[in-house]
Amino acid sequence: MNTKNQLPLAGVRVVDFGQQIAAPAVAMVLADLGATVVHIDPPNGPTWQHPANAVLNRNKSSLSLDLKTSSGLNQALELISNADIVIEGFRPGEMQKLGVDFTKLRQQRPELITLSMPGFASNDELRRDWKATEAIVTATCGAFTDMGFNRVLMGVNPSFSPLPLGSSYAITLATSSVALALFEREKSGRGDEIEVPIAAALMEGLSYNSYVVDQLPERYKTMRELEIEHRRENNIEMDLSYDELQEYLDPFFRTYTCADGRMFYCVCPSHRNHAKRALKVLGIYDELVAEGLPDVKDLHAPISEWDGETSIGVYPLPKKWADIISKKMKKAFLQKTSEEWGVIFGEGQIPGAPHRTTQEWVNSEYSKESGLFVEVEDKEFGKMMQPGPIVWFENEADAMLTPNSREDVDFETALNRLQQAIEFDKSPRPVGQEIHKASGDGWLKGVKVLDLTNVIAGPHSTAFLARFGAEITKLDPITPLYDPLIGILYTFQTGVGKESALVNIMTEEGREVLERLVKEADIVVINAPERQIKPLGLDQETISAINPEVLFCRLDCFGAPRNGSKTNYIGYDDIIQANSGIMSRFGKPETPEEHAHIGTLDVNCGFAGGLGMAIALYQKRKTGKITRVRTSLAAVTNIAQLPFAFDYEGRAPFNEASGREALGNNELSHFYHTKSGWIFLDSNEGELATLATIKGLEGIQECQDLGEFLRESFAKEPSEYWLKAFIEVDVACAEPISIEYLREHNSRVADQTAGIDRGSFSFSIYPDHPSGHCITQIDPYSIRPSEASISAVTPAEKFGNSTETVLSSLGYSNSEIDLMLEKKIAAKGWSNEFLPS
């Protein structure tokens, strides 16, 4: 039997009209999971001519249709009539103008699921009709402006990056929405009409960069933040060099040069055990203790109550100790090569990794042996290394590791494949099955999730589910593992929509609490490698013995479909950024730099976890099968680098725009100064004749130096003039906007709505946030179904706030709960304050 027919989406039929990256990639992920996908290009071929199309269109049958002709439109509609899901990524209303009206199609077939992925939201009256290329969306969403503390201190603003972040977040969000709609359809027979604007997806991806805590205590400000404040208050220019900047970085959160002249990224702040292990393997722990390095016992107490000035496990460290520790760590790292330190840190359960380029990542032994990259025999490029799946089922992923090359077919073949796909569906919905009326409920109403995760990726995966109606219980130990910056501050995003309980599961009574929670749960989620969870009794086998019906989701750092040398290495977002080439691209290999956005990969790993859980729920509902879904930071880094994460013999050099001096991809896709500020032009040589019709750009086709011509021309008029001129001729152009500006102009006091009616940008202000601070944060608004509801999530509550409520719901009496609190089996908080001062 063909094992691909056993993949979770076998029998699901998809028609993919997507171009560029986001929409085709959603169809690619569905195809990776077993769906039968027909991809449709316009008559002249893909609108984005790029080798990455070989990745985006694998496992698909591709053909060209001209929807502007009656025959082409009729063929497209016939394909759609045989599909479960239809995907498009054009400007709002574009498909309708061509004769493919999703609303009308769903009136005829309510079971149909449609997905639209415009650059800007259809209810964004200002921007909906803009030519929304990847860079235009990125510029408009603030991702090129004030890009992180490093770039601010170096005076680099705007700051270009070629990573397609908007598309990468939209891929996981949109695929999740389709999977959840399939889950709902198994219950009601109804599909849905869904919109996921790329701009809204990007804003949700940047959620940790956009939320604001009024009157944030000084203890949470890093050396870089303090230096920025100092320079602004004293009108000092932001002009630090790369080398000077390094001395403003925490010693446990920075790059070091090794014996081979290559760089190693150490990321173990905020966790007492990780930092101590690092100092010990570097051979400098004892001498630091001898020099008086303090050890504060309770990092969650206010600083005024500390029994020392700082401690290992505090982030950020005060400059005095940061300088002392950094000096010793620099010397120690020079004793071994970057690869040697990679093994020492990995085997020693210490977060850290050598900096590598994307090409090294693609071709690394671990990437190949683990299935993070797979070999595809492409029709054009021959043997090609391509990214592996972003989600998979544990012990069932082999069928996903041998994808088929993209294939050109004729209409009859494409139609036949869609019609035959239903034969692989072991439990198709009966013809004539009653289709219920739309309930208006969330897709996950009544689904119970037990969250055993920490930091960002894991907790974000469950927070993501809250908007769909899932009931989430967050269970944490009574003694925190992380200091308040990582353990509390990030919770304002990861803790939304959850009840928080604190229980020591290493005690007999605490274990009983865990078992009762597992028995009630539909899904258990944890983020850790197998090596860590087995001793805690949190592995799949142990959990399944408690509740055989429970689904299990696991996220980690280096996890992959197959085990390999790094399977059990622990780490964070930054570790994969360094090891996969993102930092080498962002800052150049000789001066690598963290991509500026907090949670660049963490957030997407969370969305991917949500996708995996949606697929697992769908499969269980359809077939009764209980599965173990997986994803990892290592897997999702590949969709953040889709235009670069592949290799084949004869491939052109990996020479895309990189480094802090880069202001664009080429002269026609570039930042330029105008008379009043900056604009980003995202054009191409095919539009030169159009550009020549704009007043001020006459002669562009005859100029010898295109870059110099544009620099001189743009400087003569203000940004407003150029933006209007380009919009009129439908050439992509935008003004870089800061997240601060977007937040200021798109925020309202929280009103119990999700913000999906507010265009491409929507923030809520919580004046009475449980933390005691006024908090402003992005809304859960990127996924916009027509029939299912999206809930405004409740603000994050203090850790342990719901301990008594959760224990009571499990059947414990008041006296039993009081005894557990007294014996410190359970707790109602880590400190008196939500966010310690």
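Let me start in a loop. Asparagine 59 sits between helix H2 (53-56) and strand E3 (60-64). This is a predicted model, so please keep that in mind throughout. Asparagine 59 is not a glycine, yet its phi is positive, at about 60°. Is asparagine 59 buried or exposed? Its relative accessibility is 17%, so asparagine 59 counts as buried, the cut-off being under 20%.

Now take lysine 588. Lysine 588 is in the loop between helix H27 (582-587) and H28. Its relative accessibility is 27%, so lysine 588 counts as partly exposed.

Next, the cis peptide bonds. One joins asparagine 157 to proline 158, with omega at about 5°. Where is proline 158? Look in the loop between helix H7 (148-154) and H8. Another cis bond runs from tyrosine 315 to proline 316. There omega is near -5°. Proline 316 belongs to the loop between helix H14 (285-290) and helix H15 (319-333).

On to helix packing. Two packed helices are described by the angle between their axes and the distance between the axes. Keep those two values in mind.

First pair: H3 and H19. H3 covers residues 70-81, and H19 covers residues 411-421. Their axes come within 9 Å. They cross at roughly 15°. Angles under 35 degrees count as roughly parallel, and therefore H3 and H19 are roughly parallel to each other. Their crossing is left-handed. Which residues make the contact? From H3, we have Gln75, Glu78 and Leu79. From H19, we have Phe411, Ala414, Leu415 and Leu418. By type, the contact of H3 with H19 has five nonpolar residues, one polar and one charged.

H26 is residues 573-580, and H29 is residues 633-640. The axes are 10 Å apart, and the packing angle is about 55°. That makes H26 oblique to H29. The crossing is right-handed. On the H26 side, look for Asp573, Ile576 and Ser580. On the H29 side, they meet Leu633, Ala634 and Thr637. This contact of H26 with H29 divides into three nonpolar residues, two polar and one charged.

Stay with H26 for a moment. How many residues of H26 are buried? Eight of the eight are, so H26 is largely enclosed by the rest of the structure. The buried residues include Asp573, Asp574, Gln577 and Asn579. Ile575, Ile576, Ala578 and Ser580 are buried as well. After H26 comes glycine 581, with a positive phi near 105°.

Serine 168 is part of helix H8 (residues 165-188). Its relative accessibility is 1%, so serine 168 counts as buried. What does serine 168 touch, leaving out residues up to four places away in sequence? Asn604, Ile639 and Ala640. A polar atom of the serine 168 side chain also lies 2.8 Å from the backbone oxygen of leucine 165. Then there is alanine 25. Serine 168 and alanine 25 are 143 residues apart in sequence. In space, their C-alpha atoms are 8.8 Å apart.

Glutamine 619 is in helix H28 (residues 602-623). Glutamine 619 is buried, with a relative accessible area of 4%. Again, set aside residues up to four places away in sequence. Glutamine 619 then touches Gln6, Pro8 and Phe393, and also Gly624, Lys625 and Thr627.

Last, a strand. Phenylalanine 552 is found in E19 (residues 551-556). Phenylalanine 552 is buried too, with a relative accessible area of 3%. Which residues is phenylalanine 552 in contact with, leaving aside neighbours within four places in sequence? Among them are Val524, Ile526, Ile533, Leu538 and Ile543. Asp539 and Gln540 are also among its contacts. Finally, consider glutamate 394, which is 158 residues from phenylalanine 552 along the chain. Their C-alpha atoms are separated by 9.9 Å.

That is the tour. Thank you.

How values were computed. Residues numbered from 1 in each chain as written. Predicted model: local features only at pLDDT ≥ 70, side-chain atom pairs only at ≥ 80, totals over all residues. Heavy atoms only, no water. Axes fitted to C-alpha atoms, helices over the stretch in contact; angles between N-to-C directions. Helix = DSSP H or I, 4+ residues; strand = E, 2+ residues; numbered from the N terminus. Parallel < 35°, antiparallel > 145°, perpendicular 65-115°, else oblique. Left-handed = near helix turned anticlockwise from the far one by under 90°. Contact = heavy atoms within 4.5 Å. Nonpolar A, V, L, I, M, F, W, Y, C, P; charged D, E, K, R; others polar. Buried < 20%, exposed > 50% of the residue type's maximum accessible area, 1.4 Å probe, protein only. Polar contact = N/O pair within 3.5 Å; in protein donor to acceptor, adjacent residues only side chain to side chain.
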